[in-house]
Amino acid sequence: MSTRISQEQVGASKEAIQYHYDIGNDFLALAQEETRTYSSAMWEEGDTHEQAQLRKLDYHIGQIRAQGAERILDIGCGWGSLMKRLVENHGVKKVVGLTLSQEQKKYIHEAIRLPQIEVRLENWQDYKPSEPFDGIISLGAFEHFAKINEDKIEAYRRYFQRCYEFLKPGGRMSLQTMAYGDVPRDRKHKDLFIAREVFPESDLPYLADIVRSSEMLFEVEFLRNDRHDYVKTMRAWFENLRRNREKALKLVPLEVVERYERMYRTMSYSFELGAFHLYRITFRRIEPNRFGKD
């Protein structure tokens with residue numbers, strides 16, 4: 001039996017998000033590269049980690065046709081690398097970022113400080129924009145939008161309905177999310193390390209969940225499964241953290257360092273085996289009556 005979802009909250013709470021992302025900006029930076037991007041890069045032969053991360057940002061920006069746009073929404077804005085890229089390299093006039101992490105908001109205010117950027121400590125469920133957006137990008141946040149044992153279709157449907165309302169007619173959304181791959185639904189929680197120690201109150205989607213919950217709201221224009229990109233990215237984070245282990249131990253306890261090292265190793269292996277996938281999906285808002293009136 002599925003669990004019905006209250007109107008107050010779906011997915012991970014603010015406290016659960018802060019458990020992972022508010023461990024400390026200085027500590028997490030030891031695994032990241034210069035852009036402070038914390039989702040899978042998009043790799044090509046000969047790339048540095050930073051080049052691969054910038055390629056990922058530009059890919060999603062291109063998918064929603066954001067060049068020179070008036071308003072773009074970043075759901076789960078992290079440490080602001082996408083918002084900074086939109087403004088400085090793609091001429092976007094206004095970018096709003098939503099996050100539940102106090103540390104991320106603090107970093108953006110202190111380190112980026114661009115007047116075109118507005119970062120809000122707010123859930124997408126509660127956000128009410130003053131006017132619609134030309135496009136939406138969400139990188140590595142969708143994983144937190146449904147809990148274990150929640151009715152995922154209902155939870156994701158509410159997300160897509162809100163994004164539909166956020167967008168102008170014909171607007172596009174580019175989504176990047178981890179997902180279950182070759183894992184039967186009745187066995188996906190055999191190893192609860194990720195749910196317990198990495199992303200509490202969160203669960204990954206299946207591709208079928210995403211597509212079904214977006215039906216009649218969004219057209220899927222383009223879909224990629226780039227799971228091998230996450231193998232490389234997880235390994236890069238692991239190697240960076242190991243190289244900076246002495247610095248890390250001055251910032252957080254040993255058990256925290258070991259938890260993140262285990263996360264990067266375990267998840268790299270899961271993507272390599274195909275247990276986890278990495279989807280990059282481009283959606284276009286469907287307009288009513290596009291086939292004419294009855």
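Which element gives the largest share of the lining of the second largest pocket? In this predicted model, where local features need pLDDT of at least 70 and side-chain atom pairs count only at pLDDT 80 or more, totals for chains, interfaces and linings use all residues. Residues are numbered from 1 along each chain as its sequence is written, and side-chain values use heavy atoms, with hydrogens and water left out.

The largest share of that lining, five residues, comes from α4. A pocket is here an open set of points on a 1 Å grid over the protein atoms alone, where a 1.4 Å probe fits, with protein on both sides within 12 Å along at least five of seven lines, and lining residues have an atom within 4 Å of a point. The second largest pocket has a volume of about 240 Å³, a volume being the space filled by probe spheres set on the points. Its lining consists of 16 residues, of which E34, T35, S81, K84 and E88 lie nearest the centre. Two or more residues of this lining are given by each of α3 (49–63), α4 (81–90) and α5 (102–112), where helices (H or I, at least four residues) and strands (E, at least two) are DSSP runs numbered from the N terminus. By residue type, the lining divides into six nonpolar, four polar and six charged residues.

Salt bridges, in which a side-chain nitrogen of Lys or Arg lies within 4 Å of a carboxyl oxygen of Asp or Glu, number 19 in the model. One of them joins K93 to E70, with the closest N and O atoms 3.9 Å apart; this pair links distant parts of the chain, since K93 lies in the loop between α4 and β2 (94–99) and E70 in the loop between α3 and β1, 23 residues apart. K93 is partly exposed because its relative accessible area is 44%, given that buried means under 20%, exposed over 50% and partly exposed in between (1.4 Å probe, protein chains only). E70, at 42%, is also partly exposed.

A further salt bridge connects K168 with D134, the closest N and O atoms being 2.8 Å apart. This pair, too, links distant parts of the chain, with K168 in strand β5 (residues 167–180) and D134 in strand β4, 34 residues apart. K168 counts as partly exposed at 30% relative accessibility, and D134 is partly exposed with a relative accessible area of 24%. The side chains of D226 and R224 likewise meet in a salt bridge (2.8 Å, N to O); here D226 is buried, with a relative accessible area of 12%, whereas R224 is partly exposed at 28%.

Most residues other than glycine have a negative phi. R65, although not a glycine, has a positive phi of about 55 degrees; R65 lies in the loop between α3 and β1 (71–75) and counts as exposed because its relative accessibility is 51%. R113, also not a glycine, has a positive phi of about 50 degrees and is found in the loop between α5 and β3 (117–121), where R113 counts as exposed at 66% relative accessibility.

Notes
Nonpolar A, V, L, I, M, F, W, Y, C, P; charged D, E, K, R; others polar.
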